[in-house]
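Look at the model first, then read on.

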Amino acid sequence: MEAIPFQKFRAFKLNINPLKEPLGFIKVLQWVFAIFAFATCGGYAGTSVASVKCQDGQKDLISVHFGYPFRLNQITYKALTCKNDTSYETLNLLGDFSSPPEFFVTIGVFTFLYCTAALVIYVGYQSLYQQNKYLPIADFVVTALFAFLWLVSSSAWAQGLSDVKNATKPTAIIHPISACQGKTVVCTPGAVPPMGRLNASVIFGFMNFILWSGNSWFAFKETSWHKATNPQDVAEQGTNVER
């Protein structure tokens, strides 16, 4: 493998022209959408509400707080048994759905870090990027890999989000309460927890997949694999380096 002299990394020269090209411009979009993806998922917290009214008039308002990373089986809540004023039972939400959102957020964070490093190379070491054949190849391979990872993580998180919605809806909270099995007790589900930002995170995930898939072509065009079959591109690149 061709060695890269350390001195070349010290020769930082700002050049924003690469950001005007598809490869650089889309990389900026990838950087932004990666932030949106992991921020909308990773910072979520919600509350599901239901109420229990016993035959003797006792009322209990149940509020269950949950959030990322959605280890719901570790979340407990108490509900009246309607046997006396102080009799409560402790229940748990069902399911551990932490793997899909944690994987999704991890991909988002690594995407953010990679885009930051790539943009520094694009705008500060463009001549090095063009002259060293291994950097464009590495960029293409990583770009294609991230496209695949975004597809996998977004699909998994979309299914995981559906499971989270089913496990945290108010009717799911009421279902295991023993008092609610009787006909004399009135159990009322509250409003469905707002999950708009989680829906947005899934959308951002698939948008990231589209961006990384599309940018794979532009990354491939910078590699020696493509330029070996397009001598004209090599000549144009040499002209750009001189400029």
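Helix axes here are lines fitted to C-alpha atoms over the stretch in contact, and angles run from 0 to 180 degrees between N-to-C directions. Helices are DSSP runs of H or I with at least four residues, strands are runs of E with at least two, and both are numbered from the N terminus. This is a predicted model: local features need pLDDT of at least 70, side-chain atom pairs count only at pLDDT 80 or more, and totals for chains, interfaces and linings use all residues. Residues are numbered from 1 along each chain as its sequence is written, and side-chain values use heavy atoms, with hydrogens and water left out.

**Ser201**
- Ser201 sits in helix H7, residues 196-221.
- Its relative accessible area is 0%, so Ser201 is buried (buried is under 20% relative accessible area, exposed over 50%, partly exposed in between, with a 1.4 Å probe and protein chains only).
- The side chains of Ser201 and Trp157 make a polar contact of 2.8 Å. Such a contact is a pair of N or O atoms within 3.5 Å; within protein, one must be able to donate a hydrogen and the other to accept it, and residues adjacent in sequence count only if both atoms are side-chain atoms.
- Setting aside residues up to four places away in sequence, Ser201 touches Ala37, Thr40, Cys41, Phe104 and Trp157. Contact means heavy atoms within 4.5 Å.

**Thr40**
- Thr40 belongs to helix H2.
- Thr40 counts as buried, at 15% relative accessibility.
- Its side chain reaches the backbone oxygen of Ala37 at 3.1 Å.
- Beyond neighbours within four places in sequence, Thr40 contacts Arg197, Leu198, Ala200, Ser201 and Phe204.

**H2 against H7**
- The axes of H2 (residues 22-42) and H7 come within 8 Å and cross at roughly 160°.
- H2 and H7 are therefore roughly antiparallel (angles over 145 degrees; under 35 is roughly parallel, 65 to 115 roughly perpendicular, the rest oblique).
- The H2 and H7 crossing is left-handed: the near helix is turned anticlockwise from the far one by less than a right angle, whereas clockwise would be right-handed.
- Residues of the H2 contact with H7 divide into 18 nonpolar, 5 polar and 2 charged. Ala, Val, Leu, Ile, Met, Phe, Trp, Tyr, Cys and Pro count as nonpolar, Asp, Glu, Lys and Arg as charged, and the others, Gly among them, as polar.

**H5 against H7**
- H5 (residues 134-168) packs on H7 at about 160°, with the axes 8 Å apart.
- H5 and H7 are therefore roughly antiparallel.
- Their crossing is left-handed.
- The contact of H5 with H7 has 17 nonpolar, 10 polar and 2 charged residues.
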